Amino acid sequence: MTVEFLTGSSGWVVPADVTSVQVEIIGTGGQGWARGATSGPAGGGGGGAALGLTFPTTPGETWNYVAPAEGDEAAATFAAATGATRTASCDYGRNGTSGTGALGGLAANNAYSGHNALLYSYSGGDGGSSTSSGGGGGGGAGGPGGDGKRGGNNTNAGGTGGGGCNGGLSTAGTDNTSSANGTLGGTGPNGDAGGAGSTGSVGTAGVNGSGGGGGSTTQRAGRSGSQHDVWTQTSDSALAGPGSGGGGGNTAGASNANGGPAGGYGGGSGGARNLGAATPAIIVLTYFTAGSEPVVSRNPAAMLMGLI
């Protein structure tokens, strides 16, 4: 079995003896709103959708792919360049605006044709909204295990936590209705607690797919989301997986008032005074040579438990 990661845009040539390929896509994450030199609401970016399916292939043929960068607001695509129409398109997280949390990528917008089997199709979490000087949390990406979760919504000065990713036990970032402190990031798919919100002390980043904590009025920066490791690339043992949302920051001061960066792939970043980076799309291919084990879907529940 070979697992191969595709990022950016180019062409993939089907290796000798490969007659089918499993394609799994995480759409790009949206950027949280960066207000610049003003104080006020800042919505979080949405998480990317997820899509998995199998296609028939012919050795030597070329497939064109595009895995957009963070914040590009464009679908990730994988399509045969010649022959019968075979194509997959995975939806993306939108970028946040002043007070509105952005939409996550929608499973309903995922599109595909000419495939052998659909394995899964899930949505990303929405970015958190904001009506005060605390930023909304970024949404988590969907993945093989299920939907990403939304970032926390905000009606106060403390930023809110980012949403967990990849279904399972993941949860939304914690809302903030009454505090100048940041709130907790959403739980990850294996049940790992989200990053702690900042108080007078700096909060913490998410771990294993949990969301980053929100910033406070004194420690303004939102904290980073995290990756839930799902795939290992054969060539170099690199790890990849869906990303959770970054925590929202505080917009009332210029010092370190950054949105929390997203984790992994497809996570949305938190809203703040200054930009926190979302994460890009990825396309993961799994294939076997003719006569070896056929391409099959890995069980998402077993993946979440670390069994495969």
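**Aromatic pairs, sheet and loop residues**

In this predicted model, Trp 12, Phe 55, Trp 63, Phe 78 and Tyr 287 are joined into a cluster by ring pairs. The count of aromatic pairs comes to five. For Trp 12 and Tyr 287, the ring centres lie 5.6 Å apart and the planes meet at 50°, so this pair is classed as tilted. Trp 12 belongs to strand E2 (residues 8-13) and Tyr 287 to strand E12, so the pair ties together parts that are 275 residues apart in sequence. Both Trp 12 and Tyr 287 are buried. A stacked arrangement is found for Tyr 120 and Tyr 122, because their planes stand at 20°, with ring centres 6.0 Å apart. Tyr 120 is buried, its relative accessible area being 6%, whereas Tyr 122, at 27% relative accessibility, is partly exposed. An aromatic ring is also involved in a contact with a charge: the charged end of Arg 94 is placed over the ring of Tyr 92, at 4.0 Å from the ring centre.

Tyr 287 also takes part in strand pairing, as the bridge partner of Val 21 in E12. Strand E3 (residues 20-26) and strand E12 (residues 282-287) are paired in the antiparallel sense over six bridges. These two strands belong to an open sheet of five strands, ordered E1-E12-E3-E4-E9, with antiparallel pairing. Strand E1 (2-6) and E9 form the edges, each pairing on one side only. From one strand to the next, the twist averages 15°.

Ser 244 is located in the loop between strand E11 (239-240) and E12. With a relative accessibility of 0%, Ser 244 counts as buried, because the threshold for burial is under 20%. The side chain of Ser 244 has polar contacts with two backbone atoms: a polar atom of this side chain lies 2.6 Å from the backbone oxygen of Ser 210, and one lies 2.7 Å from the backbone nitrogen of Ser 226.

Val 202 is situated in the loop between strand E9 (117-122) and strand E10 (231-232). In contrast to the buried Ser 244, Val 202 is partly exposed, at 46% relative accessibility. Setting aside residues up to four places away in sequence, Val 202 touches Gln 219 and Arg 223. The C-alpha atoms of Val 202 and Ala 221 are separated by 8.4 Å in space, the two residues being 19 residues apart in sequence.

Definitions and conventions: Residues are numbered from 1 along each chain as its sequence is written. This is a predicted model: local features need pLDDT of at least 70, side-chain atom pairs count only at pLDDT 80 or more; totals for chains, interfaces and linings use all residues. Side-chain values use heavy atoms; hydrogens and water are left out. Helices (H or I, at least four residues) and strands (E, at least two) are DSSP runs, numbered from the N terminus. Buried means under 20% relative accessible area, exposed over 50%, partly exposed in between (1.4 Å probe, protein chains only). Contact means heavy atoms within 4.5 Å. Two strands pair if DSSP finds at least two bridges between them. Axes are lines fitted to C-alpha atoms, for helices over the stretch in contact, and angles run from 0 to 180 degrees between N-to-C directions. A polar contact is a pair of N or O atoms within 3.5 Å; within protein, one must be able to donate a hydrogen and the other to accept it, and residues adjacent in sequence count only if both atoms are side-chain atoms. Rings of Phe, Tyr and Trp (its six-membered ring) pair if their centres lie within 6.5 Å; planes under 30 degrees apart count as stacked, over 60 as edge-to-face and the rest as tilted. A charge sits over a ring if NZ of Lys or CZ of Arg is within 6 Å of the ring centre and within 35 degrees of the ring normal.
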